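Here are some notes to read beside the model. Please keep the structure open and find each residue as it comes up.

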Amino acid sequence: MALGSSLPASPAVCRQRAREAPEGRGQGCAVPGTLLLLLAYLTYLALGTVVFWLLESPVAHDSSRRFWRDKWALLQNFTCLDGPALDSLIRGIVEAYQNGDIVLGNTTSMGRWEIVGSFFFSVSTITTIGYGNLSPRTMAARLFCISFALVGIPLNLVVLNRLGHLMQQGVHRCARRLGGVWKDPAKARWLAGSITLLSGLLLFLLLPPLLFAHVEGWSYLEGFYFAFITLSTVGFGDYVIGMDPSRNYPLWYKNTVSLWILFGMAWLALIIKLMLSLLEAPRGSYSCYRHSSKGNFKAQSWRQSPDGETEPHSTQPGCCPEGPIIMQHPEPSTQVSGCGKES
């Protein structure tokens with residue numbers, strides 16, 4: 001058989017064959033996969049909708065009925081009050097709470113817009129947590145908040161990406177050292193990843209609730225709930241630090257929590273990145289054919305490692321990548337690059 005007939009097709013030929021393939025064969029895998037993904041996404045949303053509705057709807061109705069019962073009881077006991085006046089008082093209390101002017105006991109203000117409170121608001125803005133318990137009231141501050149967020153959010157993403165990259169490099173160095181000692185790179189990678197996961201869980205999710213329980217008076221589960229909701233940038237605002245007017249908070253408290261948010265988000269982003277790399281790993285590999293001096297071809301798959309280097313691993317022949325294929329052969333006269341089925 002001639003050498004040309006045994007060589008795999010070049011990338012251009014592969015793309016030409018893909019274009020000439022019937023539409024049913026070319027799109028038969030991608031479209032059902034996308035539809036299944038969307039179906040799973042909508043099903044997960046429907047599951048969350050039903051569960052939250054079943055758990056929270058009865059409590060919300062009971063709270064609403066209790067509020068209206070207490071309101072009418074107050075109007076009946078104090079005939080000097082009328083409905084509009086009481087509604088105006090309630091609106092004033094809500095507005096005072098939103099502005100940080102708590103009117104319980106002798107406390108008239110929580111100092112939310114002092115230096116420490118303003119710093120914590122800046123952190124919650126550029127990290128997109130947005131608890132919702134505090135917002136600028138003046139138009140000048142609102143306009144500045146827009147420009148501040150436009151620059152701060154990308155800057156925060158760059159910082160988180162750099163911190164996550166540094167953490168990832170540390171994990172890979174630890175894995176290489178363990179792999180060199182144990183002579184088992186796969187086991188070393190799994191051990192390094194497990195150490196990263198467990199240490200991050202301890203530092204950012206399991207230990208901080210103890211601090212919140214001591215300073216805020218929350219239960220451990222409430223502190224753990226706040227920690228996850230904060231680091232995941234969901235930020236409902238039902239639990240926010242420094243909101244109890246009956247407590248004296250140390251000056252270092254909010255600053256320490258701000259640093260915890262920054263490094264905790266970087267760690268959580270690293271974990272999510274590792275999970276996505278595991279889920280998308282089969283799509284990142286492709287097959288290359290190495291031609292030896294004896295004229296036989298050997299299918300070999302190359303994948304980019306987390307360090308940016310390519311590393312071989314076994315795969316099925318006939319996989320055609322969309323990107324360029326880099327081939328290395330001992331003899332320049334027999335160098336070939338391509339994709340296709342092994343002859």
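1. Arg-247 sits in the loop that joins helix 10 to helix 11 (251-279); helices here are DSSP runs of H or I with at least four residues, numbered from the N terminus. This is a predicted model, in which local features need pLDDT of at least 70 and side-chain atom pairs count only at pLDDT 80 or more, while totals for chains, interfaces and linings use all residues. Residues are numbered from 1 along each chain as its sequence is written, and side-chain values use heavy atoms, with hydrogens and water left out.

2. Beyond its neighbours within four places in sequence, Arg-247 is in contact with His-214, Val-215, Glu-216 and Gly-217 (contact means heavy atoms within 4.5 Å). A polar atom of the Arg-247 side chain lies 3.3 Å from the backbone oxygen of Val-215. Gly-217 is 30 residues away from Arg-247 along the chain, and their C-alpha atoms are separated by 9.2 Å.

3. Helix 10 covers residues 220-231, and its 12 residues should span 16 Å at 1.5 Å a residue (the expected span is 1.5 Å times one less than the number of residues). The end C-alpha atoms are 17 Å apart, which agrees. Among the buried residues of helix 10 are Gly-223, Phe-226 and Ile-229. Just after helix 10, Thr-233 has a positive phi of about 60 degrees.

4. How do helix 8 and helix 10 cross? Their axes come within 9 Å and cross at roughly 105 degrees (axes are lines fitted to C-alpha atoms, for helices over the stretch in contact, and angles run from 0 to 180 degrees between N-to-C directions). That makes helix 8 roughly perpendicular to helix 10, a term for angles of 65 to 115 degrees. Phe-204, Leu-205 and Leu-206 of helix 8 make the contact with Tyr-220, Phe-224, Ala-227, Phe-228 and Leu-231 of helix 10.

5. The largest nonpolar core has 25 residues (a set of buried Ala, Val, Leu, Ile, Met, Phe, Trp, Tyr and Cys residues joined through side-chain atoms within 4.5 Å). Helix 11 gives the most to this core, with nine residues. Val-257 is one of the residues with the most contacts inside the core. Not counting residues up to four places away in sequence, Val-257 touches Phe-120, Phe-212 and Ile-241.

Definitions and conventions:
Helices (H or I, at least four residues) and strands (E, at least two) are DSSP runs, numbered from the N terminus. Buried means under 20% relative accessible area, exposed over 50%, partly exposed in between (1.4 Å probe, protein chains only). A polar contact is a pair of N or O atoms within 3.5 Å; within protein, one must be able to donate a hydrogen and the other to accept it, and residues adjacent in sequence count only if both atoms are side-chain atoms. Angles under 35 degrees count as roughly parallel, over 145 as roughly antiparallel, 65 to 115 as roughly perpendicular and the rest as oblique.
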